[in-house]
Amino acid sequence: MAEQRRRWYSILYVQVLVAIAIGVGIGYFHPQAGAALKPLGDAFIQLIKMMIGPVIFCTVVHGIASMRDMAKVGRVGVKALVYFEVVSTLALAIGLIVGEVAKPGAGFNIDPAPKAVSGYVTRAKEEGIVQHLLAIIPNTFVDAFARGDLLQILLISVLTGFAVARMGTAGEKVASAIETMGQVFFRMIGIIVRAAPIGALGAMAFTVGAYGIGSLINLGELILTFYVTSILFVLVALGTIARLAGFSILRFIAYIRDELLIVLGTSSSETVLPHMMLKMERAGASRSVVGLVIPMGYSFNLDGTNIYMTLASLFLAQATNTQLGLGQELTLLAIAMLTSKGASGVTGAGFVTLAATLSIVPDIPIQSLALLVGIDKFMSECRALTNLVGNGVATLVISRWERELDLPRLQEVMERPIEIDRVTA
């Protein structure tokens with residue numbers, strides 16, 4: 001009730017929209033002043049980057065450590081991981097393909113940090129591939145965090161996750177503590193995100209002031225491209241998967257319409273996790289499958305985030321005139337497959353994982369992220385909505401795969417949705 005009584009100007013979404021409008025106005029009417037506000041956007045980016053290492057560490061370690069539970073449910077966990085990887089890779093590939101075909105960033109002609117990029121390329125050539133691979137190994141455990149090297153942090157996270165998973169009961173306590181620390185870091189991100197209006201104002205004022213009002217056309221094209229791609233992914237890709245599993249994707253969307261509206265308002269799919277678990281059970285999926293697949297899906301099955309990461313990466317590459325070969329794009333896809341597993345339903349997490357991906361793939365200047373600060377709120381909503389639909393479909397599909405889906409019950413609730421609030425769990 002207290003949330004509903006908040007005044008309109010205290011809502012972050014409204015604040016960001018107002019900040020964007022003010023930023024566009026400053027950049028248009030006072031270009032020099034707008035360009036001078038660039039540090040505001042840069043500061044927000046730096047605050048986000050500050051949290052990348054701890055967040056990736058906690059989420060990856062806890063995810064791997066929790067895999068020991070899959071031994072109890074046997075093949076269900078394996079099937080879930082196989083499904084997640086196949087569909088997630090499909091989403092990442094679609095993002096790349098659409099980015100190449102639509103080219104939403106073409107014509108931006110931004111070059112934020114050419115020296116940093118050329119310097120990395122030169123250094124890589126001088127060191128050679130062997131030395132470059134050895135650089136993945138940090139000097140000490142904490143050195144990776146001090147330097148902010150994401151590849152090193154990922155290596156440490158994977159090793160730590162497997163170590164914790166093999167510690168038995170003691171490992172459960174460690175995993176629980178790490179999960180709690182992860183929640184602390186995400187709460188910190190929640191605090192940082194409150195500064196998004198300031199960052200958005202600075203970023204949009206700089207973009208319009210430095211590159212003209214025409215630059216907004218490119219940003220609009222990116223938003224439109226992302227939404228259209230996500231809708232087509234849900235209707236065609238997930239729709240085909242749903243049809244093979246015996247249900248209609250459109251009826252499924254109608255069935256979870258209440259949850260979709262909540263996610264639309266919060267830009268976070270975590271806000272409906274308990275209701276989604278209950279609704280999937282009421283739709284005929286077994287409780288054991290629901291209890292495993294839904295939580296796992298929030299870390300390993302983020303279709304909207306995956307589309308966003310590769311599409312946005314190509315947008316920034318095109319905007320900065322960074323030429324990416326097929327090998328570099330495949331590398332980007334492979335890295336995104338790993339870093340996307342560190343995302344969650346928390347608002348803004350997709351932006352964090354994009355920053356993590358660009359930190360590991362330095363061909364695209366990470367400073368170009370400032371272009372996306374002002375529009376990330378629009379992208380966050382679509383990411384969360386697509387992620388939610390994807391996880392719901394995954395739960396029913398895997399339940400059907402396990403022959404634990406009550407098809408008559410599923411058809412009944414699809415035709416006559418049940419009011420969840422009246423059902424006792």
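Rings of Phe, Tyr and Trp (its six-membered ring) form a pair if their centres lie within 6.5 Å; planes under 30 degrees apart count as stacked, over 60 as edge-to-face and the rest as tilted.

**Entry on the model.** I note that this is a predicted model, in which local features need pLDDT of at least 70 and side-chain atom pairs count only at pLDDT 80 or more, while totals for chains, interfaces and linings use all residues. Residues are numbered from 1 along each chain as its sequence is written, and side-chain values use heavy atoms, with hydrogens and water left out.

**Entry on aromatic rings.** I looked up the ring pairs and found 8 aromatic pairs by the rule above. In one of them, the centres of the Phe57 and Phe141 rings are 6.0 Å apart and the planes stand at 85°, so the pair is edge-to-face. Phe57 belongs to helix H3 (residues 38–65), and Phe141 to the loop between helix H6 (114–134) and helix H7 (143–147), so this pair ties together parts 84 residues apart in sequence. Helices (H or I, at least four residues) and strands (E, at least two) are DSSP runs, numbered from the N terminus.

I then looked up the exposure of both rings. Buried means under 20% relative accessible area, exposed over 50%, and partly exposed in between (1.4 Å probe, protein chains only). Phe57 is buried at 13%, whereas Phe141 is partly exposed at 45%. Another pair is that of Phe226 and Tyr227, with ring centres 6.3 Å apart and planes at 80°, so it is also edge-to-face. Phe226 has 0% relative accessibility and is buried; Tyr227, at 26%, is partly exposed. I also recorded one aromatic cluster, formed by Phe57, Phe141 and Phe145.

**Entry on charges over rings.** A charge sits over a ring if NZ of Lys or CZ of Arg is within 6 Å of the ring centre and within 35 degrees of the ring normal. I found the charged end of Lys38 over the ring of Phe206, 5.4 Å from its centre. The charged end of Arg383 sits over the ring of Tyr308, at 4.3 Å from the centre.

**Entry on Leu201.** I located Leu201 in helix H10 (residues 196–211) and noted that it is buried, at 18% relative accessibility. Contact means heavy atoms within 4.5 Å. Leaving aside residues up to four places away in sequence, Leu201 touches Ala19, Ile22, Gly23, Ile26, Leu37 and Leu40. The C-alpha atoms of Leu201 and Gly23 are 4.4 Å apart, although 178 residues separate the two along the chain.

**Entry on cysteines.** I searched the whole structure for disulfides, meaning pairs of cysteine sulfur atoms within 2.5 Å, and the count was 0. Cys58 is buried at 6% relative accessibility, and Cys382 is buried at 5%.

**Entry on the whole chain.** I noted 21 helices and 0 strands in the protein chain. Of its 425 residues, 50% are buried. Among contacts with a separation of 6 or more, 84% join residues 24 or more positions apart.
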